[in-house]
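Me: I have a structure open here and would like to go through it with you piece by piece. Could you keep the answers in plain sentences?

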Amino acid sequence: VTVIGKSAFISCRALANVTIGKGLSELGSDAFRWCKIESFSVDSENGYFSSDKYGVFFNKDKTLLIQYPAKNSRINYIVPDTVAEFASEAFYFAENLKNVTLPDGIKTISNRLFYYSGIEGIIIPEGVETIGQEAFASCYYLRNVQLPESLTSIEKNAFHSCNKISEIKILNSDCEIYDDEYTIYSKTIISAYSGSTAEAYAIKYNRQFEEIPRTGITENLAYTIENGSVIITGFDKIPVGSIFIPDEIEGLPVTGINPELFAGNVSVLTVVLPDTVTEIKADSFRGCTSLKKV
């Protein structure tokens, strides 16, 4: 057999095991769609396809994961580092699977990749740029999800009906979220930076929003931005001599300095704070034995 045609075994729910010989060179789309297979086994001499010890179906060099056997009894699966992409619906109906580890180098979570699967936990690695349509839809056991800064788009219904996700954290302020109320489950808290596309989505669809404090470094000062103001949290280099704290950073007022900000510094002589500062936290100048003037 050299060819398995499109939809050849679609919805064969009783099909448990598939053994593929060395001659197969062409696999039609949806050939094993909606089959509750326990294991794939591919002849080692096949030049186009392969399988691993868990019965997962790949192309020959394992750069494409074609299909995870939906009825496999494993609850944890580490995707091989060789995998760079997934076929759509690759983990469809994998109801026993609870945790999946994705490799670095993945760019896209393909359409309906985990649709109706049993996954509870997943880490989306930095480098992923797209969450495809319905990628996690109806994952009823999936819990909190953090989406990396590299993510640029969340497609339609990506997290629809994920009713156990209490929070989704979106780190890219410009991530494009498909404009539909079902893209993210209605009771999920959306955590993101102020002024982000995620905040705009939360406001439009009346979702609970929590601001993520944003950090940065400028002119030796480390800072955090939250609720429209700046808190000085530290220094990039140990401050010496006279230190001037600016009245604003990124156009926002500097309103406070962290506890123990200068504590133990024996090289600071003078500190100038702007009139925007409304709070000096505990022990800010403890142990500054050379400090002469504030």
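Me: Which residue in strand 21 does Ile-217 stand opposite?
Reply: In this predicted model, Ile-217 stands opposite Ala-222 in strand 21. The pairing behind that is between strand 20, residues 214-218, and strand 21, which run antiparallel and are joined by 5 bridges.

Me: And what happens in the hairpin of strand 20 and strand 21?
Reply: There are 2 residues between the strands, and Glu-219 in this hairpin takes a positive phi near 45°.

Me: How many bridges join strand 21 to strand 22?
Reply: Strand 21 is joined to strand 22, residues 229-235, by 6 bridges, and the two run antiparallel. Within that pairing, Ile-225 stands opposite Val-230 of strand 22. These two strands also form a hairpin with 2 residues between them, where Asn-227 in the turn has a positive phi of about 55°.

Me: Is strand 21 mostly covered or uncovered?
Reply: Strand 21, which spans residues 221-226, is mostly covered, since 5 of its 6 residues are buried.

Me: Switching to the inside, which residues touch the most other members of the largest nonpolar core?
Reply: That core has 45 residues, and those touching the most other members are Phe-91, Phe-114, Phe-136, Phe-159 and Ile-170. At least two residues of this core come from each of strand 14 (145-147), strand 16 (167-170), strand 18 (189-192) and helix 1 (197-204). Helix 1 gives the most, with 3 residues.

Me: Where does Ile-225 belong, then?
Reply: Ile-225 is part of a second, separate core of 16 residues, which also includes Ile-232, Ile-257 and Val-268.

Me: Back to Phe-136, what is it in contact with?
Reply: Setting aside neighbours within four places in sequence, the contacts of Phe-136 include Ile-109, Phe-114, Ile-131, Leu-142, Phe-159, His-160 and Cys-162. Two of the residues named there also face each other across a strand pair, as Ile-109 stands opposite Ile-131 in strand 13.

Me: What sort of pairing is that, strand 11 with strand 13?
Reply: Strand 11 and strand 13, residues 130-131, pair in the parallel sense over 2 bridges. They belong to an open sheet of 4 strands in the order 11-13-15-17, with parallel pairing. Strand 11 (108-109) and strand 17 (176-177) stand at the edges with a single partner strand each, so one side of each is left without a neighbour in the sheet.

Me: Which residues make up the covered face of strand 4?
Reply: In strand 4, residues 39-42, the covered face is Phe-40 and Val-42, while Ser-39 and Ser-41 make up the uncovered one. Ser-41 is also the bridge partner of Thr-19, within a parallel pairing of strand 2 (residues 17-20) and strand 4 over 4 bridges.

Me: Last topic, what volume does the largest pocket have?
Reply: The largest pocket has a volume of about 380 Å³. It is lined by 20 residues, of which Asp-30, Ile-66, Gln-67, Ala-87 and Ser-88 are the closest to its centre. By class, the lining has 13 nonpolar, 4 polar and 3 charged residues.

How values were computed
Residues are numbered from 1 along each chain as its sequence is written. This is a predicted model: local features need pLDDT of at least 70, side-chain atom pairs count only at pLDDT 80 or more; totals for chains, interfaces and linings use all residues. Side-chain values use heavy atoms; hydrogens and water are left out. Buried means under 20% relative accessible area, exposed over 50%, partly exposed in between (1.4 Å probe, protein chains only). Two strands pair if DSSP finds at least two bridges between them. On a 1 Å grid over the protein atoms alone, a cavity is a set of points where a 1.4 Å probe fits but cannot get out, and a pocket is an open set with protein on both sides within 12 Å along at least five of seven lines; lining residues have an atom within 4 Å of a point. Grid points are joined across faces, edges and corners, and a volume is the space filled by probe spheres set on the points. Ala, Val, Leu, Ile, Met, Phe, Trp, Tyr, Cys and Pro count as nonpolar, Asp, Glu, Lys and Arg as charged, and the others, Gly among them, as polar. A nonpolar core is a set of buried Ala, Val, Leu, Ile, Met, Phe, Trp, Tyr and Cys residues joined through side-chain atoms within 4.5 Å. Contact means heavy atoms within 4.5 Å.
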